[in-house]
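Please open the model in a viewer and keep the sequence panel at hand.

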Amino acid sequence: MDGFSLLFSPIKIGTMVVKNRIVMAPMTSGYSSADGHVTQALMDFYLARANGGVGLITCESCYVEGRGKGFVGHLSLDDDKYIPGLTRLTESVKSTGAKIFLQLIHCGRQTTPTLCGQQPLAPSPIPCPVLKEMPHEASITEIEHIIESFVKAARRAKKAGFDGVEVHAAHGYLINQFLSPYSNKRTDTYGGDLFARSKILLEIISGIKQEMGADYPVSCRLSADEFVQGGLALVETKTVAGWLQNIGLDAISVSGGVYESAHKIIPPMDVEPGSLVHLAAGIKEAATIPVFAVAGINDPFFADRILMEGKA
């Protein structure tokens, strides 16, 4: 398209070629069924975006095991029974020439027993200040089960036709909880310094790559800054980004905030567009793999300028 020298140019994510630089970020629609299945409304929602010309759709979060459910109408992939519905979704979207990833999530402490069916778990027994449910501290055995649940979900996603998967390590959900000194007070191998706190994320990415093969694209969503006192800041997440690239990650989606700073996750309408682009630019300094920027980027001229300036 004339006038957008980079926005409508193709880009490689791993071995996959995306037709342009427009990525639809994952947003929970609430259109799945109560038990996590794909519905016609969900398919129509994503097909409309694909027909609009987006290069890559990152399908909304899909929980990898029952304790990880965080919403009413939350997609699930903790069992093979969900594969047929998700296959219909990928076939619909890919018929337009768009690519589609599936975001994999475990909500950790950011859920309730009513939603997930039992006491939530977390790296440490510290309640989410917003939901205020006391979680129990995940045991090593439970951590190993969670890692395996992500790998199994990625396997199912590939079987359902997704072009890749995105691991949700942002917005205060379980993996973010491990990454952050704000929520992780462990003293074992999964807590302490930044590398130890990153261990679960690195093991999930490595496990998916080992299971799926190096050519299957995997991205990761990070809150590059949590915007809470004592939480993660860009200086640490830049280091994590470097580690992720070194173990074969193919792309990083850069966001910010946790539930306590939700105005950063979903900026109000009076916030200047692109309020988190500086975080993407910071991560781009630490990684050479594709970096996605988010937060109110709803004008093509603005989007193209971000690319021209090398911020994403």
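**Charged pairs and helix packing**

Select Arg197 and Glu236 to begin: the two form a salt bridge, with their closest N and O atoms 3.0 Å apart. A salt bridge here is a side-chain nitrogen of Lys or Arg within 4 Å of a carboxyl oxygen of Asp or Glu. The pair links distant parts of the chain, since Arg197 lies in helix α6 (residues 194–197) and Glu236 in helix α8 (residues 234–246), 39 residues apart. Helices (H or I, at least four residues) and strands (E, at least two) are DSSP runs numbered from the N terminus. Arg197 is buried at 5% relative accessible area, whereas Glu236 is partly exposed at 22%. Buried means under 20% relative accessible area, exposed over 50%, and partly exposed in between (1.4 Å probe, protein chains only).

The model is predicted: local features need pLDDT of at least 70, side-chain atom pairs count only at pLDDT 80 or more, and totals for chains, interfaces and linings use all residues. Residues are numbered from 1 along each chain as its sequence is written, and side-chain values use heavy atoms, with hydrogens and water left out.

**Further salt bridges**

How many salt bridges does a search of the whole structure find? The search finds 13. Select Lys94 and Asp163 next, whose side chains meet in one at 3.6 Å, N to O. This pair also links distant parts of the chain: Lys94 is in helix α2 (residues 83–94), and Asp163 is in the loop between α4 (140–159) and β9 (164–169), 69 residues apart. Is Asp163 buried or exposed? Asp163 is buried, with a relative accessible area of 14%, while Lys94 is partly exposed at 37%.

Move to helix α7 (residues 199–212), where Lys199 and Glu203 are four residues apart and therefore separated by about one helical turn. Their side chains meet in a salt bridge of 2.7 Å, N to O. Lys199 is partly exposed at 23%, and Glu203 is partly exposed at 27%. Then select Glu65, Arg67 and Glu142 together; salt bridges link them in a network.

**A buried arginine**

Select Arg109, in the loop between β6 (99–105) and α3 (113–116). Arg109 is buried, with a relative accessible area of 4%.

**Two helix pairs**

Return to α8 and display it with helix α10 (residues 277–286). The two pack at an angle of about 45 degrees, with their axes 8 Å apart. Axes are lines fitted to C-alpha atoms, for helices over the stretch in contact, and angles run from 0 to 180 degrees between N-to-C directions. That makes α8 oblique to α10; angles under 35 degrees count as roughly parallel, over 145 as roughly antiparallel, 65 to 115 as roughly perpendicular and the rest as oblique. Contact (heavy atoms within 4.5 Å) is made by residues including Leu234, Ala241 and Gly242 of α8 and Leu279, Gly282 and Ile283 of α10.

Finally, select α4 with α7, whose axes come within 9 Å and cross at roughly 40 degrees. That makes α4 oblique to α7. Among the residues making the contact are Ile143, Ile147 and Phe150 of α4, together with Ile200, Ile204 and Gly207 of α7. Glu203, the partner of Lys199 in a salt bridge, also belongs to this contact.
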